[in-house]
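Here are a few notes to read alongside the model. Have it open and follow along point by point.

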Amino acid sequence: MSLWSFLTRAPAAPAPSHPAPDAAAIAADQNQSLLASLLAMAWVVEARDPYTGGHLWRVSRYAALLCEQAGSAKSVCARVAIGAFLHDLGKVGIPDAVLRKPGPLSEEEYAVIRTHPDVGARLLAGHPLAGWALQAVHTHHERLDGQGYPCGLAGDDIPYAGRVVALCDAFDAMTSTRPYRAGMPVETALERITSGLGTQWDAALGRSFVALGSEGLLDHIAGHSDDGIPLQQCLMCGPTLVVRREQRAGQTVYCRNCGGEHRLQAASPGADGPALQAVPTGGRGTAADLEPLADMALIERFVRDSAAQALA
Ligand SMILES: [Fe+2]
């Protein structure tokens, strides 16, 4: 079934001779549809920034792993992972001139950035699934020492989801390339995390995260945009190129920054790096090629993995 029909289908009316539909199954189906539409919106918001390809997927994967490592119940892990995927929803309210600025931000611009947790929380408020994600969306920039935003919460006043996502979001920002700096190696980012435990980040969660990293359990997520899919770079201007799991050799991908067209070519057998290499064609995408489009196959997989567990 296509995701569109999955998203839009109404529960079928039962034939008179059939048993009544199971109310729990209908509710689960509706929750999956609602969740898929929320994740698709978050994806399109993220796609506005050409340097953040795969960020939501990575932060949600780190968050799920960290919650498991911390011993949380499966339902908690799933809800925090969903909150992690949605955490930057409020960036829809940030102008491109600030969101895509290729350099450090001024104090005024940083004040604009600091509005996004409140904007995201207002967007979610009243949504039937808000309870799964609101805390992560609203509190992922709080700091343990009370110096974060938007509320300046400190210590255990910061909800668990916010403390988890704060760590995972910061680690992904450190290990990702930005217009004005290259991404840090994983080991260096873990050292930074360690040095901020008890002030910026929750110490127990941070130690669990560093333990995951030291065991190499973050390596298949860092620098990737899906399981087994490493990020590539636009060879014309530098930002990330996201190749989707369902794409095949001969298909095209476009840089979200310069619009440069790249064709996917199968790597030679035994070669290091991605199985499909993005090679610039010298062309540029049309407006239709460059439309932001959520990766609905990835979202459908995420929904199937997380929605039932979140409900448990
Ligand atoms: Fe954020």
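1. Start with helix α4 (residues 74–86) and helix α8 (residues 130–139): their axes come within 8 Å and cross at roughly 55°. Axes here are lines fitted to C-alpha atoms over the stretch in contact, with angles from 0 to 180 degrees between N-to-C directions. Helices are DSSP runs of H or I, at least four residues, and strands are E runs of at least two, numbered from the N terminus. That angle makes α4 oblique to α8 (under 35 degrees is roughly parallel, over 145 roughly antiparallel, 65 to 115 roughly perpendicular, the rest oblique).

2. A word on the source: this is a predicted model, where local features need pLDDT of at least 70 and side-chain atom pairs count only at pLDDT 80 or more, while totals for chains, interfaces and linings use all residues. Residues are numbered from 1 along each chain as its sequence is written.

3. Who touches whom between α4 and α8? On α4, look for Arg 79, Val 80, Ile 82, Gly 83, Ala 84 and Leu 86; on α8, Trp 132, Ala 133, Gln 135, Ala 136 and Val 137. Contact means C-beta atoms, placed from the backbone, within 7 Å.

4. Now helix α3 (residues 55–69) and helix α11 (residues 203–214), which pack at about 110° with axes 9 Å apart. That makes α3 roughly perpendicular to α11. Leu 65, Leu 66 and Gln 69 of α3 take part, with Leu 205, Ser 208, Phe 209, Ala 211 and Leu 212 of α11.

5. Finally, 3 strands form an open antiparallel sheet, ordered β5-β6-β7 (strands pair if DSSP finds at least two bridges between them). The edges are β5 (252–254) and β7 (276–284). Strand β6 (residues 260–266) pairs with β7 over 6 bridges, and Ala 266 has Leu 276 of β7 as its bridge partner.

Technical notes
Contact = placed C-beta atoms within 7 Å.
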